[in-house]
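Work through the exercises below with the sequence and the 3D view side by side, and try each task before reading its solution.

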Amino acid sequence: CEVYGSSDGGGTKHGFYYMWGDMYSYMGNLAMQALVSSDGLAEYSVSPSGLGTQTMARGTDRQLNVTLTPTGTEPVKTVGYVLTVGDTELAEREYTLPEGSELTAYLAPKTVTLPVDLPLSAEAYATTLSITKVNGQPNASAQASTAGSIVLLERLGTRRSVMEEFTGTWCTWCPRGIVGMRRLEEEFGDRFIGIAVHIDDLMQVGDYARSRVKRMASGLPNSVIDRTVVCDPYGGINNEKHFCVNQDLARALAVPAVADLGVEARWSEQQTDVIEVGVQTTFWYTDFAKSQNYSIALVLVEDGMKGEGTGWQQANRYAQANSGYDDDDMAEFRNAPHYITDIAYNHVAVAVAGIDNGLGGIEAPILNGQLQLFSYQWDLSQNTLIQDRSKLSVVALLLNPTKGTIENAAKVKVSGGSSTGIAGIKVQEGTQPTDYSINGQQLAQPQRGVNIRRMADGTVQKVVVK
């Protein structure tokens with residue numbers, strides 16, 4: 001609120017107008033009183049909002065999140081609601097707010113979870129939620145509906161969450177990211193994929209340092225989970241001084257995955273500096289128009305990287321007694337010197353392809369349960385970071401460039417490591433086994449190297465011909 005006054009009778013103080021907060025200096029203590037009347041308000045009124053885009057498996061009693069704002073005079077204890085999904089209007093349901101969490105404060109929004117039945121086919125739908133009743137009475141709100149969309153899945157994919165951790169050997173606080181990544185791997189196994197992105201040191205990848213995801217993370221150490229949550233790589237979103245980032249990762253893993261993802265990677269027998277990468281993607285819903293919303297990106301990571309000289313020494317702030325990180329997890333760095341000379345760095349990104357918007361690889365239409373194959377010949381002949389080919393892994397990221405998020409991921413060791421996420425992908429029953437090359441081309445007969453075989457029983461296998 002701006003209130004203008006004057007101590008010189010001319011409406012100004014030395015020719016300037018002042019904000020309300022400055023006026024006490026010239027006019028003494030000021031007060032403002034606002035009176036609010038409920039006259040004219042309806043008794044039973046609620047406005048919904050925040051439907052957005054929500055993803056869930058088809059079936060009964062699914063959970064729909066929505067924000068309800070009371071705009072009437074009576075506390076809200078129950079709401080009746082109707083969900084319209086595409087052209088289908090579902091039956092009206094009633095939701096009772098848990099005791100003690102009723103909506104009692106005027107214009108104070110609260111997010112609730114409404115149960116909905118979704119027996120429809122697995123597709124993406126435009127959706128409208130209407131609040132029809134409040135405490136059993138007609139909803140008097142002028143804004144009784146909210147629009148959004150639902151991605152309805154045949155089944156949930158197996159989600160793997162990615163933490164891109166931004167670090168540097170010069171960064172004195174960054175050792176806690178090393179501990180955080182190790183603890184997450186121990187707790188979540190292969191459902192956690194860690195990528196250590198080095199900034200301004202000898203392990204930096206320029207394209208990663210200039211990427212959009214790097215701009216999401218200000219300062220070091222910092223990390224981004226699935227390109228949706230920015231948090232400390234050890235203390236989590238609340239920046240605690242003990243290991244809490246596992247809570248943030250657990251929430252990320254609970255987000256429904258729209259697709260399953262698998263990846264194969266091996267050094268080419270014909271071109272010694274080329275990695276042949278094959279990515280297999282199976283979406284669990286049908287969308288004829290949205291393939292441009294998804295794309296494949298690749299990251300090459302290496303474990304056990306080390307070197308000699310000051311550029312490979314890890315600065316360590318925790319060697320000082322007053323670091324504040326006193327839990328057992330950080331003991332190894334509290335007991336280490338200020339500069340650690342014999343450290344081996346894991347999960348280090350040493351090359352990227354399509355890190356911001358992906359390389360493509362998802363074609364229209366997206367069909368429920370249909371396997372899509374994508375190949376990439378990754379020429380690394382100019383790469384100067386790789387130290388040990390036996391310690392390399394490829395991470396495949398399923399990006400949604402429109403949202404700027406990672407929808408799912410998979411990781412595999414280079415040169416014949418077993419794939420992740422391929423088993424169980426179904427094809428039409430009753431067909432004969434069909435072989436495909438690693439780049440997705442159908443073959444009359446298996447060729448030398450890696451083949452993808454779709455079996456008559458509906459499974460997909462990797463076949464290696466020597």
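Predicted model: local features only at pLDDT ≥ 70, side-chain atom pairs only at ≥ 80, totals over all residues.

Residues are numbered from 1 along each chain as its sequence is written, and side-chain values use heavy atoms, with hydrogens and water left out.

**Exercise 1.** Classify the pair of Phe166 and Tyr208.

*Solution.* Begin with the rule: rings of Phe, Tyr and Trp (its six-membered ring) pair if their centres lie within 6.5 Å, and planes under 30 degrees apart count as stacked, over 60 as edge-to-face and the rest as tilted. The structure holds 10 aromatic pairs. In the pair of Phe166 and Tyr208, the ring centres are 6.5 Å apart and the planes stand at 90°, so the pair is edge-to-face. Next, locate the partners: because Phe166 lies in strand β11 (residues 161–167) and Tyr208 in helix α3 (residues 206–209), the pair ties together parts that are 42 residues apart in sequence. Here helices (H or I, at least four residues) and strands (E, at least two) are DSSP runs, numbered from the N terminus.

**Exercise 2.** Decide whether Trp312 and Tyr345 are buried or exposed.

*Solution.* Buried means under 20% relative accessible area, exposed over 50%, and partly exposed in between (1.4 Å probe, protein chains only). Trp312 has 12% relative accessibility and therefore counts as buried, and Tyr345, at 4%, counts as buried too.
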